[in-house]
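Dear colleague,

I am handing over the structure below, and after it I set out what was found, one topic at a time. Please keep the structure open while you read, so that each residue can be looked up as it is mentioned.

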Amino acid sequence: MISIAASPVTDGIMTVLQVDTLLYIGLGIAVGMLVGAFPGVTATMAVALASGFTLTLEPIQGLAVLLTIYVAAQFGDRVPAILINTPGTPASISTTFDGYPLALKGQAGLAMTTSAFGSAFGMIVGIIILAVAAVPLSEFARQFGPPEMFALVVFGLTMMVGVSSGRVIKGLAAGAFGLLLATVGRDPITGDARFTMNILELNGGIPFIAVIIGFFGVAEVLNQILTRARQESHVKPVTQMGRWMPGRKLMRRLLKPMGIGAATGSVVGLVPAVGGDIAGVIAWENARKASKHPEEFGKGSLEGLTAGDTSSTATLGGSVTTTMALGVPGDSVMAVMIGSMMIWGIQPGPALFSTHPDLVSSLVTIMLIATILTLGLSLVRMRGMVRLLELPSHYLWVIILIFCMVGTYSISNSVFDVFMMMIFGLIGLFMLRFGFPAGPAVLGLILGPLAEANLRRALITDGWNSVFTSPIALLLLTISAAALIVPPLRQRAKRRRLAAARVPEQTPLP
């Protein structure tokens with residue numbers, strides 16, 4: 001009986017330990033480190049581009065590439081954040097608070113080393129959460145019927161909208177646009193063609209990989225061309241590295257901020273759509289309040305640096321957990337991965353671990369190997385990365401655009417997909433320039449059919465009564481409504497307080 005229970009775990013581990021899978025892990029690490037080191041190339045963009053090239057691989061091999069890019073980018077993005085005060089990805093925003101001041105003090109090497117240790121610790125804590133929580137969470141979610149699944153999808157959509165940097169209205173508009181795109185193709189219940197305009201290629205719906213690459217690849221490059229062509233930045237990276245390895249006394253001092261960061265990131269990571277950038281800032285503030293030297297924070301504090309980096313990477317485990325167990329993407333990177341998994345025939349959600357019982361151990365093994373190897377690479381590759389930061393941006397733009405076109409075409413050898421990619425690249429550029437977040441739009445496109453199908457099944461069964469009599473559905477819908485209503489109310493209250501503070505006190509006339 002023990003051997004039967006252990007067999008899915010063993011099978012998942014052994015699948016990852018195949019030579020070809022390990023080679024793909026190495027490829028993902030190399031790409032992820034480079035992605036993180038180049039400012040403006042986000043992990044979402046890299047995973048979107050890689051998706052076009054991994055769809056012909058076996059699912060585990062493809063996941064190995066995408067997951068390790070995601071993991072390694074969390075290490076590589078600390079380099080530009082520390083050396084040129086520019087986050088490599090949004091997750092390293094908190095790194096700039098203390099990383100760059102440390103570099104200016106001649107402690108760049110020490111900053112990058114402690115950042116790597118903190119990032120690895122946070123990643124391992126997140127992996128433990130994935131190993132422990134994924135299956136129980138999916139077992140609980142397996143009790144969900146159509147009303148609960150519909151409410152869960154709404155919850156995921158509104159979470160991403162609610163954290164759209166305070167742009168709730170624009171986030172709602174982007175999400176609605178994604179849901180509108182999801183209606184193109186075949187009706188999920190009847191199978192009738194809808195809004196295809198007699199274009200045969202649209203019978204299967206809008207190709208979401210082309211949309212994702214357009215939004216996160218083409219649009220980002222076009223936006224950078226428009227902004228940096230006029231004001232090219234020539235910030236020279238800090239080259240004085242100083243000492244690299246922290247002593248035992250310093251490491252003991254950093255245990256507390258690491259713990260604060262890991263705890264914060266673990267909780268934040270389980271909330272769909274709340275990424276490492278938010279977790280890093282929250283942990284940095286929590287560590288400042290708990291520190292014996294809060295005056296050092298923002299001026300070159302290794303405690304602040306470690307807390308933020310530990311927290312931002314600790315979110316990855318929770319993000320993967322909610323994505324795989326519930327089918328609701330933890331962040332935009334996982335939204336892209338859901339699209340790839342659906343093409344591989346893997347549907348993330350409550351039934352995933354029943355149909356693929358070995359998947360949890362495979363994911364844990366991939367992320368653990370990637371973390372250990374990337375940590376080792378982080379401790380020896382720093383000097384070479386300095387030269388990469390001096391590479392002119394226009395070379396990178398050309399490379400990315402070529403990969404966008406080749407990757408999109410390789411999915412189905414279709415020029416139509418490339419055409420759609422360019423259209424959505426222009427739409428994504430418009431959204432970027434006018435402040436509309438792309439995440440909710442992608443999420444609406446991917447989750448729209450799931451939401452529609454479950455809502456219609458619920459309505460056919462017992463009308464709206466089935467939705468509003470389910471305690472779980474009601475709770476999820478209530479939280480969703482709060483996620484949309486509370487942020488604007490907070491902003492309005494904040495504006496009123498600021499306005500009141502600026503109004504001079506009126507003195508009575510004599």
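Helix H18, which covers residues 393-412, gives the nonpolar patch its largest share, namely 6 residues. The patch lies on the surface and is formed by Phe53, Val398, Ile399, Ile402, Phe403, Met405, Val406 and Met422, which together have about 690 Å² of accessible area. Val406, to take one of these residues, is found in helix H18, and with a relative accessibility of 43% Val406 counts as partly exposed. Please bear in mind, here and in what follows, that this is a predicted model.

Helix H14 gives another picture, for this helix is mostly covered, with 9 of its 12 residues buried. The buried residues in H14 are Val333, Met334, Ala335, Val336, Met337, Ile338, Gly339, Ser340 and Met341. At 1.5 Å a residue, the 12 residues of H14 (332-343) should span 16 Å, and the C-alpha atoms at its ends are 18 Å apart, which agrees. Just after H14 comes Gly345, which takes a positive phi of about 90°.

Next come the aromatic rings. A pair of such rings is described by the distance of the centres and the angle of the planes. A search of the whole structure finds 6 aromatic pairs. One of them is the edge-to-face pair of Trp284 and Phe297, with 5.7 Å from centre to centre and 65° between the planes. Trp284 lies in helix H12 (residues 276-290), whereas Phe297 lies in the loop between H12 and helix H13 (302-326), so this pair ties together parts that are 13 residues apart in sequence. Trp284 and Phe297 are both buried. Phe430 and Phe436, on the other hand, form a stacked pair, with 6.3 Å from centre to centre and 15° between the planes. Phe430 is partly exposed at 44% relative accessibility, and Phe436 is partly exposed as well, with a relative accessible area of 24%. Lys170 lies over the face of Phe436, at 5.5 Å from the ring centre. Ring pairs also link Phe97, Trp284 and Phe297 into a cluster.

The last topic is charge. Side chains of opposite charge can pair when their charged atoms come close. The count comes to 7 salt bridges. In one of them, the side chains of Arg253 and Glu296 meet with 3.3 Å from N to O. Arg253 is partly exposed, with a relative accessible area of 36%, and so is Glu296, with 30%.

Two further salt bridges lie within helices. An α-helix has 3.6 residues a turn, so residues three or four places apart point the same way. In helix H12, Glu285 and Arg288 are 3 residues apart and are therefore separated by about one helical turn, and their side chains meet in a salt bridge of 2.5 Å, N to O. In helix H20 (residues 438-462), Glu452 and Arg456 are 4 residues apart, which again separates them by about one helical turn, and the closest N and O atoms of their salt bridge are 3.1 Å apart. Salt bridges that share partners join Glu452 and Arg456 with Asp187 and Arg194 into one network.

With best wishes

Methods. Residues numbered from 1 in each chain as written. Predicted model: local features only at pLDDT ≥ 70, side-chain atom pairs only at ≥ 80, totals over all residues. Heavy atoms only, no water. Phe/Tyr/Trp six-rings, centres within 6.5 Å; stacked < 30°, edge-to-face > 60°. Helix = DSSP H or I, 4+ residues; strand = E, 2+ residues; numbered from the N terminus. Buried < 20%, exposed > 50% of the residue type's maximum accessible area, 1.4 Å probe, protein only. Lys NZ or Arg CZ within 6 Å of the ring centre and 35° of its normal. Expected span 1.5 Å × (residues − 1). Patch = residues over 30% accessible without salt bridge, like charges linked within 9 Å, V, L, I, M, F, W, Y side chains within 5 Å. Areas by Shrake-Rupley, 256 points an atom, 1.4 Å probe, with all protein chains shown as cover. Salt bridge = Lys/Arg side-chain N within 4 Å of Asp/Glu carboxyl O.
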